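User: I've got this one open on my screen and would like to talk it through. Could you take my questions one at a time?

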Amino acid sequence: MPFTWNWLISSRASSVVRSVINVVNCHESVLYILAPLRYATVYGCSDATIVLGAVGKAVRVEHCERVHVIAAAKRICIANCRECVFFLGVNQTPLVVGDNHKLQVAPYNTFYPQLEEHLNGVGVDPAINKWDEPVALGVVDPHDSLSHPAGVSDVQTESASHVDPDQFTNFLIPNWSESEQSGSTKDNPFPLPEAYMTSKQRNQKNLEDLKQILRESDLEESRKKELTIALHGCFKDWLYASGNIRQLYFLQND
């Protein structure tokens with residue numbers, strides 16, 4: 001079943017009647033599948049962001065291009081993908097099979113109020129995260145950024161390509177109505193590695209420092225207006241460059 005633009009599944013509305021979900025041919029979209037599942041498959045998607053809440057058995061991502069997958073799962077298998085980024089909370093080593101190019105991995109980077117309840121329900125332990133231990137099997141591109149398999153003679157084994165901690169940000173899930181927000185999870189239950197935590201804290205401090213400077217600045221109204229326009233312009237450029245402009249449209253349509 002193909003999906004486009006923005007789409008949400010969450011257990012609070014009893015939307016999920018099966019424990020298996022397939023996301024197929026989703027393009028230029030943001031999907032939030034905030035529900036406990038057994039299996040999830042993402043196939044043939046491009047230029048999309050897909051958030052999977054809690055998957056107790058396995059996630060398979062195949063034939064995708066320029067997709068960001070945010071997944072909390074027991075295990076994940078990635079096959080024949082290009083230029084994708086995976087933000088993972090996984091209990092077992094990620095498997096990378098087939099013909100893959102320019103993949104990146106990073107720690108799980110979001111949460112929603114029912115996440116811990118869903119993780120417990122499907123048996124995913126947030127204290128164990130092997131996001132940074134991917135194993136590549138099958139055909140290997142010598143220029144690929146993920147680990148090469150043992151026994152391949154024409155390539156040199158290299159470590160997995162991790163998202164630069166300085167480029168790592170929390171992914172914010174939009175707030176829906178209060179009835180949809182019941183739950184005990186207040187923050188990402190998967191502990192961040194030190195480098196990513198340090199970067200997160202530094203970014204938060206920089207933001208607070210900027211707010212303080214703006215509050216204390218003694219500028220004429222005309223200068224304040226110029227500064228506001230400049231900040232809005234930079235923010236708009238970032239929204240387009242990062243692809244987050246789609247989420248902004250979604251929030252405006254709520």
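User: Which residues does phenylalanine 86 touch, leaving out those up to four places away in sequence?

Analyst: Before that, a caveat: this is a predicted model, where local features need pLDDT of at least 70 and side-chain atom pairs count only at pLDDT 80 or more, while totals for chains, interfaces and linings use all residues. Numbering starts from 1 along each chain as its sequence is written, and side-chain values use heavy atoms, with hydrogens and water left out. A contact here means heavy atoms within 4.5 Å. By that rule, phenylalanine 86 touches Val61, Val69, Ile76, Ile78, Leu103, Gln104, Val105 and Ala106.

User: Which residues have the most contacts inside the largest nonpolar core?

Analyst: A nonpolar core is a set of buried Ala, Val, Leu, Ile, Met, Phe, Trp, Tyr and Cys residues joined through side-chain atoms within 4.5 Å. Buried means under 20% relative accessible area, exposed is over 50%, and partly exposed is in between (1.4 Å probe, protein chains only). The largest core has 54 residues, and those with the most contacts inside it are Val61 and Phe86.

User: Which element gives the largest share of that core?

Analyst: Elements are DSSP runs numbered from the N terminus: helices are H or I with at least four residues, strands are E with at least two. Those that give two or more residues to the core are β2, β3, β4, β5, β6, β8 and α1. The largest share, eleven residues, comes from β2.

User: Where do arginine 66 and aspartate 47 lie, and how many residues apart in sequence are the parts that the pair ties together?

Analyst: Their side chains meet in a salt bridge at 2.8 Å, N to O; the term means a side-chain nitrogen of Lys or Arg within 4 Å of a carboxyl oxygen of Asp or Glu. Arginine 66 is in the loop between β3 (49-62) and β4 (68-73), and aspartate 47 is in the loop between β2 (20-43) and β3, so the parts tied together are apart in sequence by 19 residues.

User: Which residues are linked with Arg66 in a network of salt bridges?

Analyst: Arginine 66 forms a salt bridge with glutamate 65 too, the closest N and O atoms being 3.3 Å apart. Arginine 66 is partly exposed at 35% relative accessibility, and glutamate 65 is partly exposed at 33%. Aspartate 47 is also partly exposed, at 26%. The residues linked with Arg66 in the network are Asp47 and Glu65.

User: Is glutamate 62 buried or exposed?

Analyst: Glutamate 62 pairs with arginine 60 in a salt bridge, with the closest N and O atoms 3.0 Å apart. Arginine 60 is partly exposed, at 31% relative accessible area. Glutamate 62 has 17%, which makes the residue buried.

User: What does the side chain of asparagine 109 reach at 3.0 Å?

Analyst: Asparagine 109 is in the loop between β8 and α1, and at 3% relative accessibility the residue is buried. Its contacts include Phe168, Thr169 and Asn170. At 3.0 Å, the asparagine 109 side chain reaches the backbone oxygen of threonine 169.

User: Which strand do the buried residues of α2 pack against?

Analyst: Helix α2 covers residues 194-216 and spans 33 Å from first C-alpha to last, close to the 33 Å expected; that expectation is 1.5 Å times one less than the number of residues. Its buried residues are Tyr196, Ser199 and Lys200. They pack against β8 (104-107).

Definitions and conventions
A polar contact is a pair of N or O atoms within 3.5 Å; within protein, one must be able to donate a hydrogen and the other to accept it, and residues adjacent in sequence count only if both atoms are side-chain atoms.
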